[in-house]
Amino acid sequence: MRKQALLFCCAQVVLLCYAQIHKNRILVFLCLGLFLLYIAYTCIHNYELPVLLFYLPWTALLRFSPDSISFYTLALLMVGCIEIVKNKFQLKNYYVSIALVIAVLSLLAKIISGYRLTNSYLMFLAMLVLFPMLDFENRGYDFYWLTVSFAIGIIIAALTAERFAGYPNIAQYIKVDSYLSITRRCGFYGDPNFYTAHITAAIAGCLVLVADGQRRARTAVLLVLAAVLVYCGFLSGSKSFFLIWVFLMILWVIEICQTKGKLTRKAALILGLLVFLVYVASSSLFRDKIDVILTRFSWADNASELTTGRTDLWKIYLTAIFDSPRLLLLGQGFTNVLIAPRASHNTLIQLVYQFGIFGGTLLVAWQWGLYREIIGRQRLADVKAIRTAMLAAGAILPWIALDILFFDELFLIPAYVYIGIQELCSKHKNI
């Protein structure tokens, strides 16, 4: 069913693009309804996560209008509710307890500051309870199909957004930054760095699977997907994407060299990488994209300019947090209040800014519980350090420059990483 599911998803998003381009309300409604029905179907048959990862880059387009709620968020809530019914309404006490304490602390913060309840706040609390109901420990997800689904969803979204950016109806969902000689694309996301955070996560998954010794056909698929993802990443003109990509290449070469296996396979993989890098450096397909990134690097004379003002923002937010006992202890109560007025562009800072030390610690404990649930009680010796570092670098490292708390990625991307680590641990344990 995996291939059929992937084909269905591809056909559905193509139809959605057509509906949005022509602003056909009835067809858009049918596409969104079909999306929810198919997510429900996959949830009932226990393979919803690959489908959810496929649609993650399409979150912005899965809505009636640019300012309406995304049906993707509704789908996540629906999946959690279906899982509760399948589990005979038995909730997981660990996550319910954390959600309740976070709710009390955040409501207290809201009352003190005079903030109102919002739909996003209520959905966030609901997700803390509902998302762990996906029963990861008993699903046995295939990390290969998770990665392929995620990568293909990213690639189709990136290329269709590039192709259809000139159509006025769908252009409302597509942001293109153009200034001086710089043009930056970000698929259907409003921020190039959010867009590339998906890409680096998928690239890391592809490279880890190749290093893990997949069959030839699967290895070929993964390498092709990784190459196309690199092109999609270069479309963004993102400095952070470039740095993380280079870091992943270095880790991958080290892992290939030290992994047991045929010398000919290792040599072929490294030679293939060198050929690809030569192609990237010399091809007209990549030339203008490389020039954009190099130009952006050349403008940076200090840390602030290198990070596009992020270090200044971090100082502003940290100063505000440590100057206010209320913010330090309770935070803003998951309220979209900005300083500067810009977001902090750092998930760790945002964690404390929104929930304080107490609530932030509880959210870390929530993630730790999900990690242990998916990984199981694996020994530290079973964890492949470099491959785990690659997954973390590709998926989590971009969060240093992003505010991820208000987005669905906060739940899905860590789960994707944990499943990848679990598969690596299981294989290592069986050798």
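Which residue forms a salt bridge with Glu-83? The partner is Lys-86, and the closest N and O atoms of the two are 3.7 Å apart. Please keep in mind that this is a predicted model. The pair is a handy way into the structure, where a search of the whole model finds seven salt bridges.

- Glu-83 and Lys-86 share helix 4, which covers residues 71-86, and sit three residues apart, or about one turn of the helix.
- Arg-287 and Asp-291 bring their side chains together in another salt bridge, with an N to O distance of 3.2 Å.
- This pair belongs to helix 13 (residues 284-298), and because Arg-287 and Asp-291 are four residues apart there, about one helical turn separates them.
- Arg-287 is partly exposed, with a relative accessible area of 34%, and Asp-291 also counts as partly exposed, with 34% relative accessibility.

- Lys-92 and Glu-373 form a salt bridge whose closest N and O atoms are 2.6 Å apart.
- Glu-373 lies in helix 17 (residues 347-375), whereas Lys-92 is found in the loop between helix 4 and helix 5, so their pairing ties together parts that are 281 residues apart in sequence.
- Glu-373 is buried, with a relative accessible area of 17%, and Lys-92 counts as buried too, at 19% relative accessibility.

**A charged network**

- Salt bridges also link Asp-212, Glu-255 and Arg-387 into a network.

**How the helices pack**

- Two packed helices are described by the angle between their axes and the distance between the axes.
- Helix 9 (residues 192-211) packs with helix 18 (residues 385-395) at an angle of about 165°, and their axes are 7 Å apart.
- That angle is over 145 degrees, so helix 9 is roughly antiparallel to helix 18.
- Where helix 9 passes helix 18, the crossing is right-handed.
- Helix 15 (residues 310-323) and helix 17 have axes that come within 10 Å and cross at roughly 30°.
- Because angles under 35 degrees count as roughly parallel, helix 15 is roughly parallel to helix 17.
- The crossing of helix 15 past helix 17 is left-handed.

**Nonpolar residues to look for**

- A nonpolar patch on the surface is formed by Leu-107, Ile-111, Leu-117 and Leu-122, which together have about 390 Å² of accessible area.
- Ile-111, one of the patch residues, lies in helix 5, which spans residues 93-113.
- Ile-111 counts as exposed because its relative accessible area, 66%, is over the 50% cut-off.
- Ile-357 is located in helix 17 and is partly exposed, with a relative accessible area of 38%.

Definitions and conventions
Residues are numbered from 1 along each chain as its sequence is written. This is a predicted model: local features need pLDDT of at least 70, side-chain atom pairs count only at pLDDT 80 or more; totals for chains, interfaces and linings use all residues. Side-chain values use heavy atoms; hydrogens and water are left out. Patches are made of residues with over 30% relative accessible area and no salt bridge: like charges are joined within 9 Å, nonpolar side chains (Val, Leu, Ile, Met, Phe, Trp, Tyr) within 5 Å. Accessible areas come from the Shrake-Rupley method with a 1.4 Å probe; for residues, only the protein chains shown count as cover. A salt bridge is a side-chain nitrogen of Lys or Arg within 4 Å of a carboxyl oxygen of Asp or Glu. Helices (H or I, at least four residues) and strands (E, at least two) are DSSP runs, numbered from the N terminus. Buried means under 20% relative accessible area, exposed over 50%, partly exposed in between (1.4 Å probe, protein chains only). Axes are lines fitted to C-alpha atoms, for helices over the stretch in contact, and angles run from 0 to 180 degrees between N-to-C directions. Angles under 35 degrees count as roughly parallel, over 145 as roughly antiparallel, 65 to 115 as roughly perpendicular and the rest as oblique. A crossing is left-handed if the near helix is turned anticlockwise from the far one by less than a right angle, and right-handed if clockwise.
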